[in-house]
Structure formats: structure tokens, C-alpha cells
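Could you walk me through the rings and one of the pockets in this protein?

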Amino acid sequence: MLKTNFELFLSQLKETNATLGFFVDFSKVTKNVSEVEFKLNQLNFLLGKQNTEQAVRFVWEQSPQAFSVLNILIAVRDNKKVITDEGTLIPIESFFTSVDGVITFIRETGLQNMFQSRKIKNLVDYVFGVEVGLDTHSRKNRSGELMADRIAQILRANNVRYKREVDSTDFSELRILGKDNKRFDFVVQTKVMTYLLEVNFYSSGGSKLNEVARSYSDIGPKINSIPNFEFVWITDGQGWLSAKNKLEEAYRIIPNMYNLTTLDNFIRKIKADM
């Protein structure tokens, strides 16, 4: 039995677009560690000290700011809140404003036992590992960046001129989209058409996929109603299998919808306009 066009589109979606460089951004990790390295070296004084409170008070007298990086030792980057025994929510960073707060933080997070046991040999090396772990949370965004870079590479290889990250306000015709500014991943202009491209890749599912499909289903027809403008959506990834109903709705609404397998069709269309 022949597959419908959408079923074929769905079957072509790739499992991943990850390269070996996808998993960890070591330049970012190194930068983050270097920003706190001096303070971490000061806190290395605490390692192996059995009287942690005494050691903390000594460091506090020398440099209370050294403790401002304690949150990264428990893999917390943002100013998150915790609940006290009294049921009050307080920011983690509030513990670092007094020596007693620092002592409480180190004791109740379990860091005291780790310091005393010397299972952590060097806090700079330890935080490097923490940063590598935290960087994995950026993979979803990185997957989209890889996809955009791949599209840019394909366009260049085909001698197609493009602009990246272009605001809708650059085109007076796009006032039809309303007051909110929309930023398109790519704009390709030929002699007869201005193509506005959105590009993404989803290797895993989630509610965001439904929102994306719904949004593009809304703006696509609006853009296509403007003479000499066309909306183009290039997407891939098997994350869409969890949101295939919404994807199918968008597929039937948006004429110019491609994945990495069918992208050549769009390239041929552009070249015909050039």
C-alpha cells in the first residue's frame, strides 16, 4: 500500500542530528570554570579539615566572597529557593551572606562530609565535572543550533544567498502578523519571492512541539497571503512521532514544509526563482 505524502514525510524523520561535538561544549565549560576558579582555589582550604566550622570561619575572615560560588558545588546555577523547617521559602544565595549561613549550607547539603572525607581532591576539577553535567541540559537548544548550521551549510553549498536571524519588522508587509515581533531563522530572497524560513530539530517529544506546530499553522497562511512572500518550515527529528497529529495538521496547512530528506526540493525551487 502506497504511503500518503505525510506518512512518507514522517517515515523520513531522523533519530538524531548529533555530531561528536554535540554532547559537551567544552569552550563554554572552560569559560564558566575560569570565572570562579580563584574562589574555588580559596575554598580548597576546606578540603580535609575535620573541624569544618573552624576552617570556614578562617576563610570567611580572609575572603567572605569566596563562598559566593558554593551553589555550583551542588550543581545549582540559578538563584533557586529552598524551604526552611518553618515552611519559609528563601533563596539559596541568602546562605552566603553570613558565616553562620555558610556553615549551615555546607552541613545540610552534605558538603561537609564530602570535604572531610577528601573524596573531592580539588574543587576546580570537581566543578569542571559539574559544569560538564550541567551543559547536557543545553542539548535541546544545541540540537536546534546544529540544524540551523546544517541548513546554512546546505544553502552555501548550493550558492544560495541568505540572511540569518531576521526580524519581521524589517518587512513592512509583515504587519499582518500583528504587533509582536517575529524573528525568522533565515530569509532567502530571489527575483520573484521572499522566503521566510523557520528551522528546528526535535529528537525527543514534549508539549513544546504542539505549540510550535500550532504557531506555524497560524502564521504560515498569513505570510503566504502576502504577494511574493512564502513561509517555509524545515523540521526533522523523531520527537515529532509523539506529536504527529499536530504535525500533520501543519503539513496540510503549510505548502512549503520540508525535512532534511526532502530539502533538495526546496533548493531546486529556489534555484528556479533565481
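This is a predicted model: local features need pLDDT of at least 70, side-chain atom pairs count only at pLDDT 80 or more; totals for chains, interfaces and linings use all residues.

Mentor: Residues are numbered from 1 along each chain as its sequence is written, and side-chain values use heavy atoms, with hydrogens and water left out.

Trainee: How many aromatic pairs are there?

Mentor: Rings of Phe, Tyr and Trp (its six-membered ring) pair if their centres lie within 6.5 Å; planes under 30 degrees apart count as stacked, over 60 as edge-to-face and the rest as tilted. By that rule, the count of aromatic pairs is 15.

Trainee: What kind of pair do F95 and F105 form?

Mentor: Their ring centres are 6.1 Å apart, with 50° between the planes. With that angle, the F95 and F105 pair is tilted.

Trainee: Where do F95 and F105 sit in the chain?

Mentor: Helices (H or I, at least four residues) and strands (E, at least two) are DSSP runs, numbered from the N terminus. F95 is in the loop between β2 (89-91) and α4 (99-109), and 10 residues separate it from F105, which is in helix α4.

Trainee: Is F105 buried or exposed?

Mentor: Buried means under 20% relative accessible area, exposed over 50%, partly exposed in between (1.4 Å probe, protein chains only). F95, at 17%, counts as buried. F105 has a relative accessible area of 4%, so F105 is buried.

Trainee: Which residues are linked into a cluster by ring pairs?

Mentor: Here the ring pairs join up into a cluster. Its members are Y202, Y216, F231, W233 and W240.

Trainee: Which ring does K49 lie over?

Mentor: A charge sits over a ring if NZ of Lys or CZ of Arg is within 6 Å of the ring centre and within 35 degrees of the ring normal. K49 is 4.1 Å from the ring centre, over the face of F45.

Trainee: Which helix gives the largest share of the lining of the second largest pocket?

Mentor: On a 1 Å grid over the protein atoms alone, a pocket is an open set of points where a 1.4 Å probe fits, with protein on both sides within 12 Å along at least five of seven lines; lining residues have an atom within 4 Å of a point. This pocket has 13 lining residues, and V82, I83, F95, T104 and E108 lie nearest its centre. Both β1 (81-83) and α4 supply at least two of the lining residues. The largest share, four residues, comes from α4.
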